[in-house]
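Where does a walk through a protein model begin?

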Amino acid sequence: MEFFLDVPVTLSSRDIQRYVSISKLSEYCSSIDKVVSQEGNRALVHCEMGELHIHRELIQQGVRFTLIDTPYAMQWTITSDAETQDIPLIHCTINYRECPDELTEKLQHFLKCWKNGIEKLATKKTEQEHKSCPSCGDTYGGFG
């Protein structure tokens, strides 16, 4: 099954790849309580579904995460591109043709948590880009 969720903000694929990292998972998804341990693009996380191993990959237009330990082969991508005016899309797949209602509700909640986190990231990035220089008053970038 597939689940899709648009995030009504502007965020480039480059920014998604730069800021949505393993170490920031709990910052961008409230369903993930903490990163227990991390080695490169792999980690053990504690989330609403228990302690699970996760893998992060850079893909065209964004990132892909895979929960390695789930029996339903869950993975999701966060992408955007110029054709969609850099509006991020969260796309989640599992290997079930039909999904029990309880699992559907959990996955929809998970995606909403990601949506909220991506909205916060876009807001934070915009605020940083328009921050005034304390010395001269000009605005400058430097988010990150």
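Leaving aside its neighbours within four places in sequence, Trp76 is in contact with Ile54, Val63, Arg64, Phe65, Leu67, His91, Cys92, Phe110 and Trp114, where contact means heavy atoms within 4.5 Å. Trp76 is buried, at a relative accessible area of 0%; buried means under 20% relative accessible area, exposed over 50%, and partly exposed in between, with a 1.4 Å probe and protein chains only.

The model is a predicted one, in which local features need pLDDT of at least 70 and side-chain atom pairs count only at pLDDT 80 or more, while totals for chains, interfaces and linings use all residues. Residues are numbered from 1 along each chain as its sequence is written, and side-chain values use heavy atoms, with hydrogens and water left out. The term pLDDT stands for the predictor's confidence in each residue, from 0 to 100. The average for the chain is 91, and 90% of the residues score at least 70. Where pLDDT is low, the predicted coordinates should not be read in detail.

The chain contains three helices and nine strands. Helices (H or I, at least four residues) and strands (E, at least two) are DSSP runs, numbered from the N terminus. In order from the N terminus, the elements run β-α-α-β-β-β-β-β-β-α-β-β.

Which residues sit at the centre of the packing, in the sense of touching the most other members of the largest nonpolar core? They are Val20, Ile54, Phe65, Met74, Trp76, Ile78 and Trp114, in a core of 37 residues. A nonpolar core is a set of buried Ala, Val, Leu, Ile, Met, Phe, Trp, Tyr and Cys residues joined through side-chain atoms within 4.5 Å. The elements that give two or more residues to this core include helix 1 (13-19), helix 2 (25-28), strand 3 (42-47) and strand 4. Helix 3 gives the most, with nine residues.

Aromatic residues can be followed next. The structure holds five aromatic pairs; rings of Phe, Tyr and Trp (its six-membered ring) pair if their centres lie within 6.5 Å, and planes under 30 degrees apart count as stacked, over 60 as edge-to-face and the rest as tilted. The pair of Phe65 and Trp76 is stacked, because the ring centres are 5.4 Å apart and the planes lie at 25°. Phe65 belongs to strand 5 and Trp76 to strand 6, so the pair ties together parts that are eleven residues apart in sequence. Phe65 is buried, with a relative accessible area of 0%. The rings of Tyr72 and Tyr96 have their centres 5.9 Å apart and their planes at 70°, so this pair is edge-to-face. It links distant parts of the chain, 24 residues apart: Tyr72 is in the loop between strand 5 and strand 6, and Tyr96 in the loop between strand 7 and helix 3 (101-129). Tyr72 is buried at 10% relative accessible area, whereas Tyr96 is partly exposed at 28%. Phe65, Trp76, Phe110 and Trp114 form one aromatic cluster.

How many disulfides does a search of the whole structure find? The search finds zero, with a disulfide taken as a pair of cysteine sulfur atoms within 2.5 Å. Cys29 is in no disulfide, and the nearest cysteine sulfur, that of Cys113, is 5.1 Å away. Cys113 is likewise in no disulfide. Cys29 counts as buried because its relative accessibility is 0%, and Cys113 counts as buried at 7%.

Most residues other than glycine have a negative phi. Gln61, in the loop between strand 4 (50-59) and strand 5 (62-67), has a positive phi near 70°. Gln61 is partly exposed, with a relative accessible area of 35%. Asp86 has a positive phi near 60° and lies in the loop between strand 6 (75-79) and strand 7 (89-93). Asp86 is partly exposed, at 21%.

For the chain as a whole, 39% of the 144 residues count as buried. Of the contacts with a separation of 6 or more, 47% are between residues 24 or more positions apart. The accessible surface comes to about 8300 Å², of which 46% belongs to carbon and sulfur atoms; accessible areas come from the Shrake-Rupley method with a 1.4 Å probe, and for residues only the protein chains shown count as cover.
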